[in-house]
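Please read it beside the sequence and the model.

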Amino acid sequence: MGVQNAVADLPAMKSDPKFIFFTDFDGTITLQDSNDFMTDNIGYGRDKRRQGNLDCLADRISFRDSFRDMMDSVTKPYDQCIQYLVDNIKLDPGFAEFFQWSLQNNIPVVVLSSGMEPVIQALLHKLVGPDASKMQVIGNNVGARQGKNINEEGGWQIVFKHPESGFGHDKSIELRKYSSLPEDVRPTMFYAGDGVSDLSAARETDLLFAKKGHDLISYCAREDVPFTVFEDWTNILSKCREIVEEKTTVKEAAKEGYEAYKRGDAGVKVNTTK
Ligand SMILES: [Mg+2]
């Protein structure tokens with residue numbers, strides 16, 4: 001396949017951008033993780049859900065299987081789940097400004113999520129407004145259980161994008177379509193995330209923003225994946241501005257995260273055995 005064909009298959013490449021911002025959705029663009037929120041409040045509860053996250057980080061269960069478990073514990077009709085989330089989930093305070101800046105600077109934003117696309121579309125529309133349609137959203141989906149309708153009690157289930165992968169949605173597959181482009185076409189790739197759903201993406205981009213105090217930081221430090229720390233999207237916006245204006249480089253920014261972690265400034269316990 002020629003380069004032109006490879007590029008034509010990638011909507012984010014249409015404007016020939018120098019930078020693309022890939023991002024997780026839950027707990028990264030939003031303040032709360034909508035799937036955790038459902039599981040904790042109308043599913044099997046926080047303790048069991050948190051244990052699932054820890055088991056996944058420790059490789060005792062795949063992300064796909066622990067996530068399916070969580071979603072199976074939520075039996076409310078799907079339309080009511082969406083409404084419940086639209087009523088409760090809030091946007092990161094800096095995201096709207098970042099997104100407007102990205103639109104003005106030809107930096108496409110691509111959402112890569114382990115959540116379900118209909119939920120994400122509904123939340124983005126509520127939180128960002130009509131411009132939300134300018135963001136490409138790639139996630140898992142939802143389907144009806146046999147003989148049922150998704151909008152009845154116990155009627156829906158998660159449908160994974162990559163059911164054969166332990167990640168359910170293997171975010172690295174989409175990222176590699178970009179990272180494998182030839183040097184002169186390949187944009188600089190950013191990624192922002194917070195948790196176990198981002199492990200498949202962590203190694204694939206040029207600069208990884210990992211959310212302060214969350215699981216992704218512990219993972220990156222343990223696995224020697226370079227990252228930089230953010231608390232909210234105002235940090236991401238100022239760092240991206242510096243890079244776009246060539247006041248710093250992606251490499252320098254990537255070194256900072258591990259240094260912050262070692263100083264104990266990344267909001268997670270420092271593993272001194274390493
Ligand atoms: Mg997340």
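## Strands 2 and 3

Val111 stands opposite Val137 in strand 3. Strand 2 and strand 3 run parallel and are joined by four bridges. Strands here are DSSP E runs of at least two residues, and helices are H or I runs of at least four, numbered from the N terminus. The model is predicted: local features need pLDDT of at least 70 and side-chain atom pairs pLDDT 80 or more, while totals for chains, interfaces and linings use all residues. Residue numbers start from 1 along each chain as its sequence is written.

The open sheet has seven strands in the order 4-3-2-1-5-6-7, with mixed pairing (two strands pair if DSSP finds at least two bridges between them). Strand 4 (156-159) and strand 7 (228-230) are the edge strands, each pairing on one side only.

## Helix 8

In helix 8 (residues 171-179), the buried residues are Lys171, Glu174, Leu175 and Tyr178. A residue is buried if 20 or more other C-beta atoms lie within 10 Å of its own, exposed if 12 or fewer, and partly exposed in between, with C-beta atoms placed from the backbone.

These buried residues pack against strand 1 (19-23), strand 2 (109-116), strand 3 (136-144) and strand 5 (188-193); contact requires C-beta atoms, placed from the backbone, within 7 Å.

## Asn53

Asn53 lies in helix 3 (residues 46-57). Asn53 is buried, with 20 other C-beta atoms within 10 Å. Leaving aside neighbours within four places in sequence, Asn53 is in contact with Val196 and Asp215.

Notes: Contact = placed C-beta atoms within 7 Å.
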